[in-house]
Amino acid sequence: MSIFEYNGSAVVAMVGKNCFAIASDRRLGVQLQTIATDFQRISKIHDHLFIGLSGVATDVQTLYQRLVFRHKLYQLREERDMKPETFACLVSAILYEKRFGPYLCQPVIAGLGEDDKPFICTMDSIGAKELAKDFVVSGTASESLYGACEAMYKPDLEADELFETISQALLSSVDRDCLSGWGGHVYVVTPNEIKERILKGRMD
Amino acid sequence: MSQSTVDVPPKGGFSFDLCKRNDMLIQKGLKAPSFLKTGTTIVGLIFKDGVILGADTRATEGPIVADKNCEKIHYMAPNIYCCGAGTAADTEAVTDMVSSQLRLHRYQTGRDSRVITALTLLKKHLFSYQGHVSAALVLGGVDITGPHLHTIYPHGSTDTLPFATMGSGSLAAMSVFEAKYKEGLTRDEGIKLVAEAICSGIFNDLGSGSNVDICVITKGNKEYLRNYMEPNPRTYVSSKGYSFTKKTEVLRTKITPLMERVEITEVTGEAMEE
């Protein structure tokens with residue numbers, strides 16, 4: 001069994017018209033036993049930047065705390081929030097530093113950059129950045145997510161349509177994966193507001 | 001207070017503090033993670049006026065295509081570019097690092113970078129990690145001494161060649177080069193030959209795919225032709241798109257309005273009336 005299948009996870013991010021959406025499942029398990037159904041995988045770095053971490057839950061939480069620490073230092077020094085592209089470089093450097101003993105997680109970063117242009121990217125566990133213009137996926141359900149997103153995604157969706165698309169892609173993919181699921185957690189971010197929704201999914 | 005490791009920005013280099021824990025997990029039977037590889041076909045050739053580099057654009061994670069349009073031709077200096085095959089994080093990190101070192105060297109010497117400088121910096125780094133930094137590179141550029149093309153293997157050995165291929169599709173591409181390469185090619189002939197070699201890698205090797213990127217470097221000029229050829233367009237795209245019959249059920253919604261920026265207009269102060 002792969003180390004990433006220890007806890008199970010599914011994270012996906014999509015780009016819309018001047019907005020982005022990032023979604024994850026809510027299950028936390030220990031191999032085949034479920035121990036929580038409200039695990040927070042997506043965290044806010046600042047109002048226009050979110051990071052979703054899939055993989056081993058302990059590294060998810062540790063890495064998140066390290067990144068928030070570095071971002072707070074940046075805010076104190078620069079007196080502004082970090083741009084998403086800069087943040088992606090920071091995460092990549094922190095992960096590559098542990099090249100021979102890596103953090104066992106795969107981040108998905110989503111943010112609104114300058115001129116409210118959405119930015120998404122994902123990385124493998126040693127920081128190889130993969131920038132995409134449409135969608136990025138990560139986690140044990142990633143193969144199903146690739147398929148679902150490839151079929152359902154359309155460019156330039158508005159916030160509500162984007163929410164519907166990403167939720168349907170997430171729920172249909174985690175239904176085919178034993179290790180993730182138990183609901184969904186979706187954030188849709190536009191320049192003016194953050195909409196956070198909890199989805200009703202199959203609880204098995 | 002017991003000694004605590006403060007998480008200040010590190011001085012540089014690799015950190016090995018999670019190795020023991022990861023080894024323990026592997027011994028307990030959990031498999032180590034697989035990294036993003038660039039299966040790849042990368043090529044380079046020297047033509048009459050300079051160097052042409054070419055690469056495909058597929059990044060794989062095991063058997064799955066993770067990125068259909070990634071960039072494998074990395075910038076090193078205004079006159080030097082480097083294609084990378086192998087573990088994606090290693091090729092990106094090593095080319096970024098040497099690119100910064102070259103820039104600092106340019107500031108110090110006041111001269112344009114030479115290809116052989118980049119070559120020595122790369123091979124020293126890769127050899128010191130004994131092949132564990134898995135980056136196979138095709139380095140090409142034009143400097144004051146002329147056009148140069150080198151290949152660098154993950155263990156640190158290098159070759160200097162008039163035409164070179166690396167990656168899983170290297171055999172497919174090399175067959176095209178061996179058949180059709182000749183010295184003194186013109187720019188258009190060179191680009192056509194490189195595109196043909198990359199296409200042969202794209203169509204015959206499963207680890208390479210998608211589009212062809214080309215970079216032409218001549219004395220004092222460079223042209224990065226991103227997605228020069230797209231021989232694999234998405235066919236049968238439905239214009240209607242996907243329509244959902246059932247809407248998603250939402251349990252809870254929380255809307256956080258973001259602060260609108262406040263404009264402060266200075267009003268010329270009027271003395272308070274008493």
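Reply: Let us begin with one residue pair: B:Gly44 has B:Ala164, a residue of E11(B), as its bridge partner. Please note that this is a predicted model.

Me: In which sense do E2 and E11 of chain B pair, and over how many bridges?
Reply: Strand E2 (residues 42-46) of chain B pairs with E11(B) in the antiparallel sense, over four bridges.

Me: What is the strand order of the sheet in chain B?
Reply: The order is E11-E2-E3-E12-E13 in chain B, an open sheet of five strands with antiparallel pairing. Strand E11 (163-166) and strand E13 (221-229) of chain B are the edge strands, each pairing on one side only. From one strand to the next, the twist averages 10 degrees.

Me: And what holds strands of a sheet together in general?
Reply: Backbone hydrogen bonds pair them, either parallel or antiparallel.

Me: Which strands of chain B does helix H4 touch?
Reply: Helix H4 (residues 170-180) of chain B packs on the sheet and touches E2 and E11 of chain B. The direction of H4(B) makes about 160 degrees with that of E11(B).

Me: Where does helix H5 of chain B lie?
Reply: Helix H5 (residues 187-204) of chain B lies across E2, strand E3 (50-55), strand E12 (212-218) and E13 of chain B. H5(B) runs at about 150 degrees to E12(B).

Me: Changing topic: how many residues of chain A and chain B are in contact?
Reply: The contact involves 54 residues of chain A and 54 residues of chain B. The area buried between the two chains is about 4,900 Å², and carbon and sulfur atoms give 58% of that. A:Tyr96, A:Glu97 and A:Phe100 supply 14% of the area that chain A buries against chain B, more than any other three residues.

Me: How many salt bridges and polar contacts are there between chain A and chain B?
Reply: There are eight salt bridges between chain A and chain B, and 20 residue pairs are in polar contact. B:Lys247, for example, forms a salt bridge with A:Glu164, with the closest N and O atoms 3.6 Å apart.

Me: Which elements of chain A give residues to the side that touches chain B?
Reply: Those giving two or more residues include helix H1 (57-78), helix H2 (84-97) and strand E12 (193-199) of chain A. E12(A) gives the most, with seven residues. By type, the residues on that side of chain A divide into 22 nonpolar, 13 polar and 19 charged.

Me: What does E12(A) pair with in chain B?
Reply: E12(A) pairs with strand E14 (residues 250-257) of chain B in the antiparallel sense, over seven bridges. Within this pairing, A:Leu199 has B:Val250 as its bridge partner.

Definitions and conventions. Residues numbered from 1 in each chain as written. Chains lettered and ligands numbered in written order. Predicted model: local features only at pLDDT ≥ 70, side-chain atom pairs only at ≥ 80, totals over all residues. Heavy atoms only, no water. Contact = heavy atoms within 4.5 Å. Buried area = accessible area lost by both parts, 1.4 Å probe. Salt bridge = Lys/Arg side-chain N within 4 Å of Asp/Glu carboxyl O. Polar contact = N/O pair within 3.5 Å; in protein donor to acceptor, adjacent residues only side chain to side chain. Nonpolar A, V, L, I, M, F, W, Y, C, P; charged D, E, K, R; others polar. Pairing = 2+ DSSP bridges. Axes fitted to C-alpha atoms, helices over the stretch in contact; angles between N-to-C directions.
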